[in-house]
Amino acid sequence: MARVTTVTTWWLEQTSPSDLSPARAPGAAAGLTVALAEVASPEFSRFLYTAVGGDVTWTDRLPWSHARWLAHLDRPGVETWVAWVRGTPAGFAELDGSEEGMVELAYFGLLPAFRGRGIGGQLLSVALARAWDLGERLPSGTPTRRVWVHTCSLDGPHALANYRRRGFRLYDTTEADQPLTATPGPWPGAFDPQ
């Protein structure tokens, strides 16, 4: 019999740019910059996805082929914002503005070594500011009316609190049983004890 776990999912939204409550920027000594990945790179995006989500059970994109990654990244309104600390990728935020007037914060997180340093609040602040002006940067020019995200009890322990501190409001909560799976790690066997 397969083991199951109950997963709580929280659905959050902002409905105005004024909802955004930016984080205080870390000091200059942190060496943090946030930049748009301007070239659609399946290899880089898959690296970010597995490095950030490997210990929190992100598995939905693991089977994606190179072609599927490229098709996804090449869609208008999909942007990847990357946090860099002294030249090292520390985390990312993926925006999906493919639905007119709506932007989903589709993925957000930090590599484990960069958590707990205040980087997540700054990355989220930049990503949300870019979500709010994303519609105007698209060919349709339709302003963003809503930014939304969901997080669940399998995600990092600070995710929900970070979203709320940045001004997201809860609009729904769901619970569902799902099979209990091992965290995949950033590569096979990455979390096996030595």
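Author: A residue is called buried when its relative accessible area is under 20%, exposed when it is over 50%, and partly exposed in between, with a 1.4 Å probe and protein chains only. Thr57 counts as buried because its relative accessibility is 18%. The model is predicted, so local features need pLDDT of at least 70 and side-chain atom pairs count only at pLDDT 80 or more, while totals for chains, interfaces and linings use all residues. Residues are numbered from 1 along each chain as its sequence is written, and side-chain values use heavy atoms, with hydrogens and water left out.

The protein has 4 helices and 7 strands, in the order β-β-α-α-β-β-β-α-β-α-β along the sequence. The radius of gyration is 17 Å, close to the 16 Å of the globule rule for 194 residues, so the protein is as compact as a globular protein of that length. Helices (H or I, at least four residues) and strands (E, at least two) are DSSP runs, numbered from the N terminus; the radius of gyration is taken over C-alpha atoms, and the globule rule is 2.2 Å times the number of residues to the power 0.38. The C-alpha trace spans about 50 × 40 × 35 Å along its principal axes, and 45% of the 194 residues count as buried.

Now to the pockets. On a 1 Å grid over the protein atoms alone, a pocket is an open set of points with protein on both sides within 12 Å along at least five of seven lines, whereas a cavity is a set where a 1.4 Å probe fits but cannot get out; lining residues have an atom within 4 Å of a point. Points are joined across faces, edges and corners, and the volume is the space filled by probe spheres set on them.

The largest pocket has a volume of about 990 Å³. It is lined by 43 residues, of which Phe108, Asp155, Gly156, Ala159 and Tyr163 are the closest to its centre. At least two lining residues come from each of strand E1 (4–14), strand E5 (102–110), helix H3 (119–137), strand E6 (146–152) and helix H4 (159–165). E5 gives the most, with 7 residues. By class, this lining has 20 nonpolar, 15 polar and 8 charged residues. Here Ala, Val, Leu, Ile, Met, Phe, Trp, Tyr, Cys and Pro count as nonpolar, Asp, Glu, Lys and Arg as charged, and the others, Gly among them, as polar.

The second largest pocket holds about 170 Å³ of space. Its lining includes Leu36, Phe44, Leu73, Val78 and Thr80. Helix H1 (42–53) and strand E3 (78–85) are the elements that give two or more residues to this lining, and E3 has the largest share, 3 residues. By class, the lining of the second largest pocket has 7 nonpolar, 3 polar and 2 charged residues.

Thr57 lies between H1 and helix H2 (66–73) and has a positive phi near 65°, although it is not glycine. Arg86 lies between E3 and strand E4 (88–96), with a positive phi near 45°. At 64% relative accessibility, Arg86 counts as exposed.
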